[in-house]
Amino acid sequence: NTVKKGDSFQRLLHLQSRLGDFELIKPGRELIKEGELQKISRKEVVPRYFILLSDCLLYTTYHGTWVDDSTSLRVSYVIMLNQLRITAAQSEAFQTEFSITSNVRSVTVRASNVNERNDWLEAINSAIEENQSKKASFLTVDQLNPLSRMAGELGDTAPVWIPDQRVTMCQLCSNEFTLVNRRHHCRACGKVVCSPCSANKAPIKYRQFESVKVCSRCFD
């Protein structure tokens with residue numbers, strides 16, 4: 001549930017003890033929501049703990065011995081709200097899922113039910129709007145628009161990878177995947193493509209210009 005202001009600082013103290021050396025408590029920072037979501041990765045679904053603050057979203061993993069709500073957490077990514085965008089799954093089959101897109105990390109996550117998914121969407125969108133309003137006097141309209149902030153060359157932002165099991169054929173040439181014709185993910189757009197359609201490499205900005213596998217469409 002969204003954390004009430006009266007409980008916020010106590011929860012922050014508890015979270016700080018779970019996060020160890022990470023500097024969680026800062027002047028003006030408030031805890032908005034926290035909880036576990038299932039990250040849908042390429043071949044599996046794994047639990048991740050998300051902490052929504054008034055200025056950023058923390059993507060954390062469990063660390064060490066499991067002790068319920070006191071299990072240690074390790075921050076994997078700090079996603080600033082002014083670089084965050086969320087989209088809800090449109091398909092009826094994936095109504096508990098939504099995607100988080102940023103220039104730091106992009107993932108698809110699954111809530112335990114539709115209501116929980118909607119609570120996260122509302123909390124994140126509200127936090128983004130509140131964060132924008134606080135900075136409105138310092139930023140232009142274009143800078144406040146998440147689409148404008150994240151616009152640019154393909155590869156500026158980490159794509160959301162499409163899970164392997166949802167694709168049976170190459171998303172470019174439509175050749176079916178087999179034990180021989182295997183799946184590959186384009187590091188620029190996230191599509192699942194076959195080997196011939198992913199034969200190229202290109203330097204990608206969000207990977208610090210490391211040359212990585214890209215599909216033929218992105219390469220062109």
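Arg 11 counts as partly exposed, at 26% relative accessibility. Here buried means under 20% relative accessible area, exposed means over 50%, and partly exposed lies in between, with a 1.4 Å probe and protein chains only. The side chain of Arg 11 meets that of Glu 34 in a salt bridge, 2.8 Å from N to O. A salt bridge is a side-chain nitrogen of Lys or Arg within 4 Å of a carboxyl oxygen of Asp or Glu. Arg 11 lies in helix 1 (residues 5-19) and Glu 34 in strand 1, so the pair ties together parts that are 23 residues apart in sequence. Glu 34 is buried, with a relative accessible area of 13%.

This is a predicted model: local features need pLDDT of at least 70, side-chain atom pairs count only at pLDDT 80 or more, and totals for chains, interfaces and linings use all residues. Residues are numbered from 1 along each chain as its sequence is written, and side-chain values use heavy atoms, with hydrogens and water left out.

By the rule above, the count of salt bridges comes to four. Side chains of opposite charge can pair when their charged atoms come close. Another of these bridges joins the side chains of Arg 29 and Asp 55, at 2.9 Å from N to O. This pair links distant parts of the chain, 26 residues apart: Arg 29 sits in the loop between helix 1 and strand 1, Asp 55 in the loop between strand 2 (45-53) and strand 3 (56-63). Arg 29 is buried, with a relative accessible area of 11%. Asp 55 is partly exposed, at 22%.

Next come Arg 110 and Glu 97, whose side chains meet in a salt bridge of 3.2 Å, N to O. Arg 110 lies in strand 7 and Glu 97 in strand 6 (residues 97-101), so the pair ties together parts that are 13 residues apart in sequence. Glu 97 is buried, with a relative accessible area of 3%. Arg 110 is partly exposed at 28% relative accessibility. A network of salt bridges links Glu 97, Arg 110 and Arg 166.

Now step back to the fold. The protein has five helices and 11 strands. Helices (H or I, at least four residues) and strands (E, at least two) are DSSP runs, numbered from the N terminus. Seven strands form an open sheet in the order 4-3-2-1-7-6-5, with antiparallel pairing. Two strands pair if DSSP finds at least two bridges between them. Which strands stand at the edges? They are strand 4 (72-80) and strand 5 (85-88); each has a single partner strand, so one side of each is left without a neighbour in the sheet. The twist averages 35° from one strand to the next. That angle is taken between N-to-C directions on a scale from 0 to 180 degrees, with axes as lines fitted to C-alpha atoms.

Strand 1 (residues 31-40) and strand 7 (residues 107-110) run antiparallel and are joined by three bridges. Ile 40 stands opposite Thr 108 in strand 7.

What does the sheet contribute to the interior? The largest nonpolar core has 21 residues; Phe 50, Leu 52, Leu 84, Phe 98, Ile 100 and Ile 124 have the most contacts inside it. A nonpolar core is a set of buried Ala, Val, Leu, Ile, Met, Phe, Trp, Tyr and Cys residues joined through side-chain atoms within 4.5 Å. Strands 1, 2, 3, 6 and 7 and helix 2 (114-135) each supply at least two residues of this core. The largest share, six residues, comes from helix 2. A second, separate core of 16 residues includes Ala 188, Val 192, Val 193 and Ile 204.

Asp 164 is in the loop between helix 4 (146-150) and strand 8 (184-185). Asp 164 counts as buried, at 8% relative accessibility. Beyond its neighbours within four places in sequence, Asp 164 is in contact (heavy atoms within 4.5 Å) with Arg 42, Lys 43, Arg 183 and His 185. The C-alpha atoms of Asp 164 and Lys 43 are separated by 6.2 Å, though these residues are 121 apart along the chain.

Finally, the totals. Buried residues make up 40% of the 220 residues in the protein.
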